[in-house]
Structure formats: structure tokens, C-alpha cells
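Subject: Structure for your review

Dear colleague,

Please find the structure below, as promised. My notes come after it.

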Amino acid sequence: LHYMPSVSNSNPPQVIDVLVPEINCYIDVARALYTRAMLKFHKGDVDGAWQDILTTHRLARLVQHGPTIIRQLVALAIENLAAEGGITLATSGQLTPQKARLMLQNVATLQPVGDVVNSIDNSERFMMLDIIMMLSRGQSGPVGVNKPTDLDLDWNKMLREANGWYDRIVEPLRLPRFQGRKEALEACFQESEPMVSKNSLAKKRFLVMLGGRLSRKIYTQMFTELLLYLVPSVSRSVDVQDAARMNFEIEKLAIALAWFHGDKGHWPDGLGELVPKYLPAVPADCFSQNPLIYQPTKQGYLLYSVGKNQRDDGGIDNPAEDKDDIVAEVK
């Protein structure tokens with residue numbers, strides 16, 4: 001069981017005031033587990049290394065049980081770390097068929113990590129609405145945003161506009177990427193113009209600088225735009241979730257391939273040979289909805305997803321070159 005109460009010391013309580021001080025602790029624990037796993041692995045203790053990696057997987061699933069998107073992103077980062085360790089073991093050539101089978105049984109009980117969209121729909125939405133109510137009471141908002149003391153703003157309209165904006169973006173976020181999530185989000189943001197438009201804000205500020213006077217309605221919209229413009233990229237968070245889940249699938253496939261190789265003495269010609277003995281099914285690439293790319297060789301194999309950029313980079317993961325394939329390889 002894992003329970004962390006959300007407590008605010010303000011009166012009245014504020015959503016943005018709820019701190020998550022334990023987050024750094026979770027990251028430190030995950031890194032320590034991963035480091036110890038790799039030390040054990042290099043000393044030949046494959047069983048001990050796997051137990052630490054499995055514990056890291058389970059830690060990710062504990063961390064995700066919280067309302068904030070920061071907890072989801074930390075859980076996904078921990079999951080990526082665990083998957084990296086699992087892939088290292090699976091591609092090392094040191095797994096016996098029995099060990100690989102046990103590892104697959106272990107990970108088969110784990111559910112995918114991450115609930116980013118619900119965090120945006122609930123926690124992030126309520127935080128924005130709470131910030132508007134804080135400002136209406138004359139309290140300071142985030143990053144130095146304060147209530148304009150000389151303006152009469154329609155706070156109810158601000159609440160409705162902000163709430164409606166979250167309604168519009170959450171629906172396309174729930175779409176799988178291959179079903180047009182990116183296109184639906186772009187259409188949503190175009191429809192929301194000028195609600196989150198930097199250009200719109202600049203034009204209105206320029207008008208004020210020239211001595212122009214704006215109506216209460218325009219000032220209200222302008223201030224709402226300012227708040228929503230400060231919202232971080234929500235679509236990027238869902239991409240991070242997809243990548244972590246794909247990394248986990250690649251890890252499971254790498255373990256299944258190690259089991260197959262231990263049984264047969266060679267690598268399969270295609271991933272379909274893993275079904276049904278080694279895996280119940282072969283997952284598709286969630287970024288392309290095509291089969292994962294698998295290239296067997298005499299010495300090993302190259303297995304990868306095309307990653308968030310949806311482009312086949314030849315099994316290369318190099319952010320500096322905008323290459324983000326998710327890879328497992330035996331050379």
C-alpha cells in the first residue's frame with residue numbers, strides 16, 4: 001500500500017500549495033537501485049540484478065498513484081530506467097532459458113505505467129481554476145502572477161473559459177497517436193485562438209502602450225490568455241508516456257528473444273515465432289501502428305520502435321541528431 005496525503009498549509013487550502021517533497025527521494029531510490037543492479041550484473045549476479053530492476057519497475061507503479069502530472073512524469077522516468085536495465089540483461093547473452101522465462105513471468109504481472117491524461121483532466125485543470133480563484137481574492141499566483149489591482153475582471157468568465165479550454169484539449173489527448181492525436185490537437189489549438197496565442201497577447205499589450213483603452217471583457221480575456229499561455233505542453237507529456245510504455249514492450253520482447261535463443265540456439269527469423277510459447281502476442285509500434293522493426297543477424301539482432309518522431313532512424317537513439325528510436329540490440 002502507498003498513501004501520501006495532499007496537504008495545503010494555506011487558508012483556504014490551495015491546490016498549487018500542495019507540495020510533493022518525496023519526488024526527489026523516489027528518483028534517488030530508483031537511481032540507486034539501477035546502479036546496484038548494474039554493479040551486481042557486472043559481478044555476474046544476474047539474479048540479484050534482476051531483482052533490483054524488478055523493484056524499480058514496481059517503484060514506478062507506486063509513484064504514479066497521485067493526482068499531479070509531475071508524479072506521472074517521474075514514474076515514467078523511473079520506468080524508462082528499469083526498462084533500460086532489463087534490456088541490458090536481456091541482450092547480454094547471460095540469461096538461461098529458465099531465467100528468461102521467470103523474468104517474463106515477473107513483468108507479465110505489471111500493468112503499463114502512467115495516467116497522464118487523467119492528471120491533466122483533473123489535477124492540472126483544478127490547479128488552474130484554483131489559481132484564478134486565488135487571484136480573485138488578491139493572492140499571488142504562480143511565477144509572480146498577481147491580480148491587477150486597478151482592473152475589474154470577470155472572474156466567473158475566466159473560470160468558464162479556462163475550464164472549457166481543458167475540455168477541448170483532453171478529448172484529442174485520449175486518442176492514440178496513430179489515430180490522429182497530433183492533427184486533432186493542432187485543430188484544437190487553432191480553434192482556441194486567440195485563447196493561448198502569444199501574438200494575440202502582444203497585440204493587446206501594444207494597444208495599451210499606445211494609450212488605447214480596453215473593455216472589461218477584453219481585459220478579462222487578456223488575463224485568461226496570460227494564465228493559459230503559462231501552461232506547459234500537455235501533448236509532450238502524453239508522448240513521454242507512450243515512449244515509456246513502448247520501452248517496456250521492447251524490454252519484454254528482448255527477454256522473450258533471449259529465452260527463444262536459449263531454447264533453439266539461434267534467433268528467430270521474425271517476431272511471430274515468439275508466439276504463443278514465449279509471448280501471447282507481438283505488440284505493434286504505438287508510434288506508427290506498424291510492426292516493430294526486427295532485423296536478425298548471425299550474431300544477434302536489431303529491434304526497435306521508430307519513436308516519438310515517427311521516423312525510422314535505423315535503430316539510432318541520439319537526441320542531438322533528432323533520432324529517438326527505442327532500441328534493443330545484440331551485436
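The notes go from the whole chain to single residues.

This is a predicted model, in which local features need pLDDT of at least 70 and side-chain atom pairs count only at pLDDT 80 or more, while totals for chains, interfaces and linings use all residues. Residues are numbered from 1 along each chain as its sequence is written, and side-chain values use heavy atoms, without hydrogens and water.

The protein chain has 10 helices and 5 strands; these are DSSP runs numbered from the N terminus, with helices being H or I of at least four residues and strands E of at least two. The chain holds 331 residues, and 46% of them are buried. Buried means under 20% relative accessible area, exposed over 50%, and partly exposed in between, with a 1.4 Å probe and protein chains only.

Among contacts with a separation of 6 or more, 63% join residues 24 or more positions apart; a contact means heavy atoms within 4.5 Å. The accessible surface is about 17,000 Å², with 53% belonging to carbon and sulfur atoms (Shrake-Rupley method, 1.4 Å probe; for residues, only the protein chains shown count as cover).

Some backbone details follow. The loop between helix H10 (234-264) and strand S1 (293-296) contains Pro276, which is joined to Val275 by a cis peptide bond with omega of about 5°. Gln289 is in the loop between H10 and S1; its phi is positive, near 60°, though the residue is not glycine. Gln289 is partly exposed, at 39% relative accessibility.

Gln310 also has a positive phi, about 60°, and is not a glycine. Gln310 sits in the loop between strand S2 (301-305) and strand S3 (317-318), and counts as partly exposed because its relative accessibility is 38%.

Regards
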